[in-house]
Amino acid sequence: MSTATVPRVTTKPHPQVDDVTWTRLIEAVRQSGRYATRPEAEQVTRTVLSALGTHVTGDERVDLARALPGEAARLIAAQIPATHRLTAARFVDEVASHTPGATSATARWDVSSVLSALPPLIGDDLITRILTQLPPGYALLFGRADLTPVS
């Protein structure tokens with residue numbers, strides 16, 4: 001009778017797979033935002049995901065972190081959830097305040113470039129759940145039509 005050990009099966013992605021997924025996300029942001037360099041796209045991605053991490057809470061936050069590459073998941077998870085939700089415009093202004101030289105217009109471009117790259121990576125169902133918990137106006141930042149009726 002053999003006493004060989006059975007290798008453990010892990011549910012976490014292999015580090016190289018995770019690195020490839022992070023690289024794909026950065027490349028998608030670079031192309032979407034037409035950033036000249038990968039480091040520029042990576043910095044924008046880090047800033048926007050960190051800001052998003054303060055506004056997505058509960059199961060959606062956990063599911064978002066699970067669906068993202070490890071580096072992006074750490075950016076989301078490292079943030080302390082905000083006590084109040086910002087409107088989409090204030091969210092963009094918050095990103096601008098953390099981006100040297102940014103204006104509201106350039107920050108809106110940055111936010112849209114990152115958030116519109118997420119649906120193919122994390123799925124439309126999770127995006128819908130995230131949008132449900134955020135104030136109206138975020139759908140456009142994720143590249144969706146905002147069909148919320150104006151009251």
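Let me begin with a definition: on a 1 Å grid over the protein atoms alone, a pocket is an open set of points where a 1.4 Å probe fits, with protein on both sides within 12 Å along at least five of seven lines, and its lining residues have an atom within 4 Å of a point. Grid points are joined across faces, edges and corners, and a volume is the space filled by probe spheres set on those points. By that account, the second largest pocket holds about 150 Å³ of space.

This is a predicted model, in which local features need pLDDT of at least 70, side-chain atom pairs count only at pLDDT 80 or more, and totals for chains, interfaces and linings use all residues. Residues are numbered from 1 along each chain as its sequence is written, and side-chain values use heavy atoms, with hydrogens and water left out.

For orientation, the chain has nine helices and zero strands; these are DSSP runs, H or I of at least four residues for helices and E of at least two for strands, numbered from the N terminus.

Which helices each supply at least two residues of the pocket lining? They are helix 2 (38–53) and helix 6 (104–115). Helix 2 gives the most, with four residues. The lining includes Tyr35, Glu40, His98, Trp109 and Asp110. By class, the lining has four nonpolar residues (from Ala, Val, Leu, Ile, Met, Phe, Trp, Tyr, Cys and Pro), two charged (from Asp, Glu, Lys and Arg) and five polar (from the others, Gly among them).

I now turn to Glu42, which is also found in helix 2. Is Glu42 buried or exposed? Glu42 counts as buried because its relative accessibility is 17%. Its side chain is joined to that of Arg46 by a polar contact of 2.9 Å, a polar contact being a pair of N or O atoms within 3.5 Å, one able to donate a hydrogen and the other to accept it. Leaving aside residues up to four places away in sequence, Glu42 touches Trp22 and Ile26, where contact means heavy atoms within 4.5 Å.

Finally, Thr57 lies in the loop between helix 2 and helix 3 (58–67). The side chains of Thr57 and Arg85 make a polar contact at 2.8 Å. With residues up to four places away in sequence again set aside, Thr57 touches Pro81, Arg85 and Gln133.

Note on methods: Buried < 20%, exposed > 50% of the residue type's maximum accessible area, 1.4 Å probe, protein only.
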